Amino acid sequence: MEAVIRSVRGLGHRIVNVVQRMGVAARFFVLTLLHSGPSFRRFQLILHEIYSAGVLSLIIILVSGLFVGMVLGLQGYETLQTYGSSDALGILVALSLVRELGPVVAALLFASRAGSAITAEIGLMRATEQIEAMEMMAVDPIARVVAPRFWGAVISMPLLAALFSAMGIFGGYLVGVVMIGVDEGSFWSQMQAAVDVKNDILNGVFKSFVFGVAVTVIALFEGYDAPPTAEGVSRATTRTVVTSSLAILGLDFILTAFMFRGV
Amino acid sequence: MQRATLDIWVGAFVIAGLAAVLFLALKVGNMAGFNTGQTYAVSARFGNIGGLKRRAPVKSSGVVVGRVDDIGFDNQTYEANVTLALDSRYRFPADTSAAIMTSGLLGEQYIALEAGGDKKMLKDGDKLKLTQGAVVLENLIGQFLYNKAGEKGTEEKPAQ
Amino acid sequence: MSDNLIEIRDLSFAYGERMVLKGINLTARRGQVIAIMGNSGCGKTTLLRLIGGALKPTSGSVQVDGIDVGALDQDGLYKLRRRMGMLFQFGALFTDLSVYENVAFQLREHTDLPEEMIRDLVLMKLNAVGLRGAHALMPSELSGGMARRVALARSIALDPMLIMYDEPFAGLDPISLGVTGELIRRLTDSLGMTSIVVTHDVQESLKIVDYVYFVSDGVVEAQGTAADIKASVLPFVHQFVHGEADGPVPFHYPAPPYRADLGLNA
């Protein structure tokens with residue numbers, strides 16, 4: 001009986017901790033937004049972060065997009081062929097990518113590559129007292145270090161998701177039309193008829209924007225809040241990837257339910 | 001990383017990203033489709049709307065001229081009340097008829113407008129008088145079986 | 001203008017339940033080099049943080065140049081900090097910026113000076129610490145001693161009135177030790193600053209400081225000039241200065257009696 005009480009108490013303790021942490025993270029997010037002015041006045045800072053988060057993630061995004069598209073093409077063809085609808089391969093590849101796989105998979109990859117890098121960078125700055133040094137030099141670290149990374153990542157995320165989807169469609173085209181021999185004309189024309197710019201593409205872009213914000217806030221917060229030791233930083237990096245991934249999938253469900261209900 | 005090199009890379013990245021968005025919008029989606037523009041509202045009553053959903057296309061001669069805006073139920077007449085949002089570029093005569101069709105055998109349902117001959121045109125808020133409800137598959141099959149049974153009956157009579 | 005740059009009166013500070021400082025009284029005159037010595041965990045770094053405004057006192061006051069640090073708002077604090085510099089234990093250089101950019105950091109953030117002027121100032125500050133030739137290196141390419149010297153150049157970039165040094169002598173080779181000590185003294189004198197050095201290193205610091213405060217158990221146990229401290233007969237000071245293994249700070253960590261632990265008591 002004692003053991004049960006103890007484990008319930010421990011569980012409650014942990015849940016309270018998680019909720020408290022979310023509150024601190026929310027406050028941190030608002031602070032970042034409020035202190036964003038200087039990053040825009042010195043746009044060079046944001047440009048540097050777009051390079052770190054966006055350009056350096058290009059290779060993994062483009063290659064993964066290509067592979068995902070090719071797999072969609074293969075698997076899709078297998079299934080559609082049994083219903084004699086292999087002409088609809090274009091629709092299948094395009095809709096899957098633009099609505100779901102593009103934003104979600106790109107965000108997951110972004111979280112593991114750019115998100116963990118951000119957490120490690122900021123955590124290391126904390127551990128080597130660079131953040132404290134900045135504060136002692138009367139420079140607000142949130143404005144100078146955190147906000148530029150936030151905007152750099154949030155700007156990069158939708159672009160990366162679009163590149164992922166575009167590469168994926170190209171991959172589907174390669175496999176379906178070039179390799180298997182699905183009719184090229186119907187591949188593109190059926191796709192165009194079925195993919196709506198407002199509903200599908202803009203929704204996808206909006207999703208990737210939301211994911212970008214979520215991943216970046218989590219990455220920045222974990223780094224900023226990490227215990228200033230080597231162990232603390234490495235744990236924070238792992239937490240970033242795990243928490244971001246869960247957040248992406250959870251938000252995906254919520255957004256999809258809102259956007260694609262009744263269409 | 002030299003500042004000039006960094007700027008080039010970032011610029012190339014942003015351009016590539018925007019190009020991807022443009023590619024998706026133009027080549028993959030249908031921009032020529034009906035997404036932003038002036039519309040006017042026209043309503044129509046149907047006995048049965050079948051599987052018609054909001055945002056379903058409204059077509060005339062096979063071309064998309066509008067979208068289904070709202071679907072409601074009239075508790076007095078027990079009929080479905082459908083509001084259509086028609087593109088302001090296209091005007092239809094006041095006696096235009098609307099029918100619920102299915103694209104393909106098992107495809108999604110849409111509204112087909114057949115232009116009438118009236119000199120007066122439909123205005124915002126007008127009602128369509130001639131409508132034809134959706135063909136429900138169960139009724140069709142039931143009708144087919146009934147017809148078949150009837151045919152058998154008339155066939156057998158001469159044999160007797 | 002008062003002669004005392006820093007006046008600390010009855011300063012107490014607690015981390016949650018734990019009282020770290022229990023009534024510190026300390027003054028530092030302009031142009032002096034003050035050392036704060038004591039064992040690890042006696043609150044020396046906390047004291048620096050209180051002077052710098054990173055922590056607010058639980059009771060008592062910290063006055064820097066006549067301004068009550070604990071009562072300042074964020075804006076006021078930032079304004080005060082522009083006149084102070086701090087040297088962190090391992091330099092805390094910004095790893096993504098070069099040596100030049102590190103030293104130029106405060107100039108870029110707080111002033112609107114043109115590039116040529118910034119360049120001149122940066123090179124002058126680096127020259128003062130002897131590293132003008134290293135301005136293009138990255139922090140990862142510097143040795144510990146060099147990194148700390150660059151950090152020193154960075155902290156004097158705006159000609160502050162006060163610099164705080166957190167363990168500047170920790171982990172340095174004998175040559176670097178000598179260089180660091182000499183730089184602290186020379187810069188304090190030539191720039192007319194006040195320096196507060198928190199350190200364990202008795203030998204190096206007693207060579208260069210004007211006045212020493214010994215902190216133990218949250219209070220100032222002893223104070224005096226370098227000569228006073230060296231000659232002190234107070235047990236705690238004596239143990240510290242001469243590095244004795246046992247004394248007021250015991251050799252043995254508290255433990256049950258030896259015979260009992262070995263099970264020799266029948």
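The model is a predicted one, in which local features need pLDDT of at least 70 and side-chain atom pairs count only at pLDDT 80 or more, while totals for chains, interfaces and linings use all residues. Residues are numbered from 1 along each chain as its sequence is written, and chains are lettered from A and ligands numbered from 1 in the order in which they are written.

Select chain A to begin: its secondary structure comes to 10 helices and 0 strands, where helices (H or I, at least four residues) and strands (E, at least two) are DSSP runs numbered from the N terminus. Along the principal axes, the C-alpha atoms of chain A fill a box of roughly 65 × 60 × 35 Å.

Next, select A:Gly223, which lies in helix H9 (residues 197–225). A:Gly223 is buried, because 28 other C-beta atoms are within 10 Å; a residue is buried if 20 or more other C-beta atoms, placed from the backbone, lie within 10 Å of its own. Leaving aside residues up to four places away in sequence, A:Gly223 touches A:Ile118, A:Thr119, A:Glu121, A:Ile122, A:Gly123 and A:Ala236, contact being C-beta atoms, placed from the backbone, within 7 Å.

Definitions and conventions. A residue is buried if 20 or more other C-beta atoms lie within 10 Å of its own, exposed if 12 or fewer, and partly exposed in between; C-beta atoms are placed from the backbone. Two residues are in contact if their C-beta atoms, placed from the backbone, lie within 7 Å.
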